[in-house]
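The sequence and the structure come first.

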Amino acid sequence: MKVLGISGSPTKDSNTDTLVKAILEATGAETEFVKLSDIKVGPCIACMKCVHTNECIINDDFKWLSKKVMEADAIVLGSSTFYGAASAFTKAFVERLYSKRHVKLLTGGKLAATVAVGVAAEKMVGEWLGNGLRAGGMDIVGGMTAKGTPCCFVCGPGETCAFPVWNAYSKELTGMDFGVEEAYKGYLELLPDNKPYQHGSARILKGYRSVKDEPEVMAEAERIGKLIKEKHGTGK
Ligand SMILES: Cc1cc2nc3c(=O)[nH]c(=O)nc-3n(C[C@H](O)[C@H](O)[C@H](O)COP(=O)(O)O)c2cc1C
């Protein structure tokens, strides 16, 4: 069995990379990892030239990457959450898979798993990833989400920023409960004078959140990798 892991996170050794790699490893199969930000895969230009050929005419790294997709029995696709959506790297890759769908549904029947990492909206990204791969006829064996590092923890100004990300996702502004306060309890202390749009007051307790420090998150990645192995029938 061949398993291809693809990360749409542009951050070096990111949480998304870690989880995609952990799933790959747990499959016990022949695996390969590709980081989309290291190569050039642009968005679909809707030229529809692929309709009868199943080949995308854009001359970039999707040419060889699509061959690897076709050779793989299973795909593990991970993305960071940017502006409530998959990263642009990930979005472009999924759009380009369109070329393999027409008429023959060439990606049909491949096993797939998804990883979405974010601060608040990663579940939406996880669903989108699953739907995108399902549209290519793939069989989604498992999907996982994990909490990552809010950019405000690492960008520098941090606590002094007037509009940090935890305010952008506050109940007060969105009308929704993304659970950010609860999820970042040990990492962040919101101060009583924290008011979205007025004064983003908080104390950052820990500067980085790594899934490697969260055994249950790593265990979920392992579980999904093993599921791929089982489902492919090589694990018994
Ligand atoms: C440009 C940018 C936009 C972001 N927007 C969101 C967002 O809308 N929702 C969210 O949950 N996290 C958002 N984040 C935080 C990232 O999802 C978070 O840092 C996560 O750890 C990224 O995963 P990675 O480190 O594996 O790439 C954003 C980060 C950046 C750099």
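## Helix α1 and its cover

Helix α1 is mostly covered, with 12 of its 13 residues buried, where buried means that 20 or more other C-beta atoms lie within 10 Å of the residue's own, exposed that there are 12 or fewer, and partly exposed that the count falls in between, the C-beta atoms being placed from the backbone. The model is a predicted one, in which local features need pLDDT of at least 70 and side-chain atom pairs count only at pLDDT 80 or more, while totals for chains, interfaces and linings use all residues. Residues are numbered from 1 along each chain as its sequence is written.

The buried residues of α1 include Asn-15, Asp-17, Lys-21 and Ile-23, and what covers the buried residues includes the strands β1 (2–7), β2 (30–35), β3 (74–82), β5 (111–118) and β6 (139–147), together with helix α9 (215–232). Helices (H or I, at least four residues) and strands (E, at least two) are DSSP runs, numbered from the N terminus. After α1 comes Gly-28, whose phi is positive, near 65°.

## Arg-101 in its loop

Arg-101 is found in the loop between α3 (88–96) and β5, and this residue is partly exposed because 17 other C-beta atoms lie within 10 Å. Leaving aside neighbours within four places in sequence, Arg-101 is in contact with Ala-135 and Gly-136, contact meaning that the C-beta atoms of two residues, placed from the backbone, lie within 7 Å. Val-51 is 50 residues apart from Arg-101 in sequence, yet the two are 8.4 Å apart in space, C-alpha to C-alpha.

## Ligand shell and domains

Of the 20 residues around the ligand, Ser-9, Thr-16, Ser-80, Gly-118 and Gly-148 come nearest. Helix α1 and the strands β3 and β5 each supply at least two residues of this shell, and β3 gives the most, with 3 residues.

The chain is divided into domain 1 (2–148 + 209–232) and domain 2 (149–208), with bounds that come from an automatic or database domain assignment. Both domains give residues to the shell around the ligand, so the ligand lies between them. The C-alpha centres of the two domains lie 29 Å apart, and 7 residues of domain 1 are in contact with 9 residues of domain 2.

Note on methods: A residue is near a molecule or strand if its C-beta atom, placed from the backbone, lies within 6 Å of it.
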